[in-house]
Amino acid sequence: MLNFDIHFPTRIHFGRGKIEELAREILVYGRRVLLVYGGGSIKRSGLYEQVVNIFDDFGITHLELSGVQPNPRISSVRQGVELCKEHEIELVLAVGGGSTIDCAKIIAAGAGYEGDAWDFFTRRARINYALPLGCILTLAATGSEMNGNAVISNKETEQKLGTGSTVLIPRFSILDPEYSFSVPPEQTAAGTVDIMSHVFEQYFSPTPGTFIQDRLAEAMLKTCIHYGPIALAEPDNYEARANLMWTGSLALNGLLGAGKRTDWATHDIEHEISALYDITHGLGLAILTPYWMHYVMDEVTAPRLADYARQVWSIEGTEDLIVARAGIKKTAEFFRSLHLAGSLSEIGVESDRLIEMAEKATAHGTLGSFKKLEFSDVLKILTNAFNGK
Ligand code: NZQ
Ligand code: ZN
C-alpha cells in the first residue's frame, strides 16, 4: 500500500426527510443562493416546490439556473457565473444528478475568477477558490456529491474535459433515496454501471498489498449487482435505492483509491465518446468495460481479474486466465440484463470517428496504470466495442 492523505469534508445527511437540514446548512454561508437544476425532473417530482418553500420559510433569497443538460455545457456554466457575479451569491445549491452538480461546481469556481471558466479545463487557470456548494442528490451514479471533480462539455470544440480541486468538494449533500424513485430505467441502469466502473477503475491497479481497499471494492460491486436489478424492477424500493445511493458516494469519494495507483482508462475513452455523441456516460461505460477487461488481460493482470471473478461472481477454478475470462463474460451479461446496449455501432457511433476518439484520448500520453494503453491499444478497444466482439 502507498502512503496517502485523505479528508472527507462533505457533511452527509442521508435518509428519508433529510431535507429538513437544508435551511440550517444554507444559513451557515448566507442568505443569497443560486439554485441550479436540470431539465425539469425536480419540478415533476415536487422537490423543486419543497426547496422553494423552505427558502420562503427561512428568508433565503434565490436566483435560478435551470436547464442544465446531461453532459453539462460550458455555456450553462457561463450563465451561472454571470448570475453569481451580478447578484453576490453566497452559496450555490445543486439539485439533481451528476451533471447538475458538476455544472454547479464550476459555476462556484467561476464566480471568483475573472477569466472564462473553460480556462479551468484547458489548464490555463487553476481552481484555487470556489463559492460554497451544497447538493441535493436525485440520481445515484457519479459520486459528485462527495468529491471535488467536475466534467464539462464544450460543444464548440467537441471536447468533454474534467477538472478537480478540493475547494469544489460540496460542503453538504442531502441524500434522500426517495428522490431517486423517479429515475427512469435507463438512467438507473447507467448509474449502476457508472458506480461499478468507478470501483473497477480503482480496483484494477498495479499496487500490491491493498487488501482492505480491495475487499471494500468487492462489497460495493456486489451491492450494485444485487440492488441494480431490484431498483429497475421496483423503482420505489427504498432499500435498493438507498444502497445504490450510498455506494455511489463511497465509490468515488477517495476511499477506494487511497494508497494505490488507479486506472481511469475506460473513463478517459468514454469521455471521448460522449463528447462527440452526447450519450449517457454509464451507457458508454457498459459497452466499453468488458472490451477493456479483455484487452488488458495478460499473464500479469490475469490474477487480479481472476480475483474479481472469484470474489464477486463466485467463479471457481485454479486457472487464472480461464476464471478471469468467465468473470468478464458475467460482467457483460450483467450489463445486458440491465437492458443496456452491447456495442458502439448499436448506439449510433460511426466507425470513421474511432481514430479521432483514440487520438484525442491519448493526446496527452498513455492511459491507465493497470495496463498502459497507447493510441493503437485504445483504437483496438474502440474497434472491438464498435463491432461488439
Ligand atoms: O435534467 P433532469 O430533468 O433533472 O433529468 C435528469 C437527466 O435527464 C434525469 N434525472 C436525474 N434525477 C432524476 C432524473 N429523472 C427523474 N427522476 C430523478 N430523480 O437523469 C438524466 C441524467 O442526469 P445526469 O445528471 O446527467 O446523470 P448522472 O448523475 O449520471 O451524471 C452524468 C454526468 O456526470 C459526469 C458524466 O461524465 C456526465 O457528464 N461524471 C461526473 C463525475 C464526477 N463529478 O465525479 C464522475 C463520473 O465518472 C462522470 O464522468
Ligand atoms: Zn463515471
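Helix H6 (185–203) and helix H8 (238–251) each put at least two residues into the lining of the largest cavity. Helices here are DSSP runs of H or I with at least four residues, strands are E runs of at least two, and both are numbered from the N terminus. A cavity is a set of points on a 1 Å grid over the protein atoms alone where a 1.4 Å probe fits but cannot get out, and lining residues have an atom within 4 Å of a point. This is a predicted model, where local features need pLDDT of at least 70 and side-chain atom pairs count only at pLDDT 80 or more, while totals for chains, interfaces and linings use all residues. Residues are numbered from 1 along each chain as its sequence is written, chains are lettered from A and ligands numbered from 1 in the order in which they are written, and side-chain values use heavy atoms, with hydrogens and water left out.

Back to the holes. The structure has two cavities of 30 Å³ or more; a volume is the space filled by probe spheres set on the points, with grid points joined across faces, edges and corners. H6 is the biggest contributor to the largest cavity, with four lining residues. Among the residues around that cavity are Leu-139, Ser-180, Gln-187, Thr-192 and Arg-241. The second largest cavity is lined by Ser-197, Phe-200, Glu-201, Thr-266, Thr-289 and Trp-292. H6 turns up again there, giving the most with three residues, and H6 and helix H10 (281–296) each supply at least two.

| Cavity | Volume | Lining by class |
|---|---|---|
| Largest cavity | about 80 Å³ | four nonpolar, five polar, one charged |
| Second largest cavity | about 40 Å³ | two nonpolar, three polar, one charged |

H10 also shows up in an open space. Together with helix H12 (320–337), H10 supplies at least two residues each to the lining of the second largest pocket, a pocket being an open set with protein on both sides within 12 Å along at least five of seven lines. That pocket has a volume of about 180 Å³. Of its 13 lining residues, Pro-290, Tyr-291, Ala-332, Arg-336 and Gly-342 are the closest to its centre. By class, the lining has nine nonpolar, two polar and two charged residues.

Now for the charged pairs. There are 19 salt bridges, counting a side-chain nitrogen of Lys or Arg within 4 Å of a carboxyl oxygen of Asp or Glu. One of them joins Asp-278 to Arg-73, with the closest N and O atoms 3.0 Å apart. The pair links distant parts of the chain, 205 residues apart: Asp-278 sits in the loop between helix H9 (265–277) and H10, and Arg-73 in the loop between strand S3 (61–65) and helix H4 (74–87).

As for the overall fold, the protein chain has 14 helices and eight strands. Its C-alpha trace spans about 65 × 45 × 40 Å along the principal axes.

Note on methods:
Ala, Val, Leu, Ile, Met, Phe, Trp, Tyr, Cys and Pro count as nonpolar, Asp, Glu, Lys and Arg as charged, and the others, Gly among them, as polar.
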